[in-house]
Amino acid sequence: MDALDRRLLELAPDSLPSDPDLTDPEQQRAVRALAEAMGAAAGGEGASALQEADRRIGVRDDVPVLVRVALKLAASRALLREIAEPTHVSVVFAVYKEHLRILPAAEHPAGEDLVREKLKQLRWLFAPTPRHSWDLTVVDDGCPEGSGEKIQAILDDFAEAEEEVRVLFLKDAIDNREPIVEGLASTDDSRKGGSIRLGLWHATQVDRPAALHVAMFTDADLSTHLGQIGLLASPLAAGGALAALGSRREDSSVVVKSGMRNERGKLFVYLWKRLLSPLEGIIDTQCGFKAFDARKLGPILAEMWDNGFSFDLELLLRSRLAGEGALTKVPIAWIDSEEASTTTDLDPYLSMLRSIVGLYREHLPANENADGFAELIDRLDPSTFYGIVDQLPSELSEREPREFEEYGGVTAKQLGRVVGLA
């Protein structure tokens, strides 16, 4: 074992829980404290040493999850410290029926106190580097439970006077006919995508004096600790990258996922991989932790039309086709926040695939193989889609999604025959 690895692992207190709990504020505090200790232990070795340690330790299942999360936070904070030029980070997230996870756990079992915790995470990350700055935008996606109003009340009470925080309402933007939401007749037409695009658009319209302006979005829950922002900002600051994409599919990614194997997800990845060839090398398109060079992002957002859960794929495809810089994958730590999830029951896979077919036909040259998969998707309904899921060929069910980059041996006709589509 590397000497630094040994020092870092020895810092983990025996009292640190083995199972992560996003509703426990004391656990959140303990992880930040461990990250601080790890940063101090690395000392003069700097961010690169912490990153190398993370690559070694992040793949070890015998190391507790929270220890590996803390190491990513330590590396992130060190990377942010090493960005010499002033950098501003605009953070956006959308809310829909988040009225339970907004609450502290003392008020509801699923409560994550997500607004206060996100502010604590941002304060912790940026505290050692006052030359860098941040702002936070929450966008209400038409929540019938009034998540936006509830969050505004929390911000009024908990945010510091100098902190730049705001709540936007997608309904207001539609009513005011803001160009960025053109095509939305009501908030019912958005499934997160419309709100994220609105928030990112507002971020790009502010002229920041910083050398680098990063516009990023995250999920409403606490699944991805905002203390990892430095991991995304660093490659953007180094130049040459348009986007840094958090990924749960890399060797040193730290993932805690509840539930059983997701055959739906495997089929989804296999199908979109057959259609959007420019996104070679990217598997985890749906990870809600992506950062962009804000000064290049505005024109890309203005051209987008997808307001659903597949907006990530449209954003990535348009970004790559724009040729404004590389799309860089970044291994992150992600802990599933399944309880009170707002997407579990929506089951968006088939609608996302139909949007992906639209992207293929709009942006890419016709290809016989891709056309076959597009035509298959055109013919699927919920019954036949789930028929394929239930009888997924072993060539797909026994492979991991990242293998579908190279493997395309199951044809559209074979999948169609599974459910009687000739």
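Reply: Happy to! In this predicted model, strand E1, helix H5 (residues 114-126) and strand E2 form a β-α-β unit that is right-handed. Within that unit E1 and E2 run parallel and are joined by eight bridges; Ser90, for instance, has Asp135 in E2 as its bridge partner.

As for E2 itself (residues 133-140), seven of its eight residues are buried, so to speak mostly covered.

Now step back to the whole sheet. It is open, has seven strands in the order E3-E2-E1-E4-E7-E5-E8, and its pairing is mixed. Strand E3 (164-169) and strand E8 (326-331) are the edge strands, each pairing on one side only. On average, neighbouring strands are turned by 20 degrees against each other, direction ignored.

The antiparallel side of the story shows up between E4 (residues 212-218) and E7 (residues 289-293), which are joined by five bridges. One of the pairs there is Met216 with its bridge partner Ala291 in E7. Helix H9 (residues 229-238) packs on the sheet and touches E1 (87-95), E4, E5 (241-247), E7 and E8. The direction of H9 makes about 155 degrees with that of E5.

Note on methods: Residues are numbered from 1 along each chain as its sequence is written. This is a predicted model: local features need pLDDT of at least 70, side-chain atom pairs count only at pLDDT 80 or more; totals for chains, interfaces and linings use all residues. Side-chain values use heavy atoms; hydrogens and water are left out. Two strands pair if DSSP finds at least two bridges between them. Helices (H or I, at least four residues) and strands (E, at least two) are DSSP runs, numbered from the N terminus. Axes are lines fitted to C-alpha atoms, for helices over the stretch in contact, and angles run from 0 to 180 degrees between N-to-C directions. Contact means heavy atoms within 4.5 Å. Buried means under 20% relative accessible area, exposed over 50%, partly exposed in between (1.4 Å probe, protein chains only). A crossover is right-handed if, with the strands pointing away from the viewer, the path from the first strand over the helix to the second runs clockwise.
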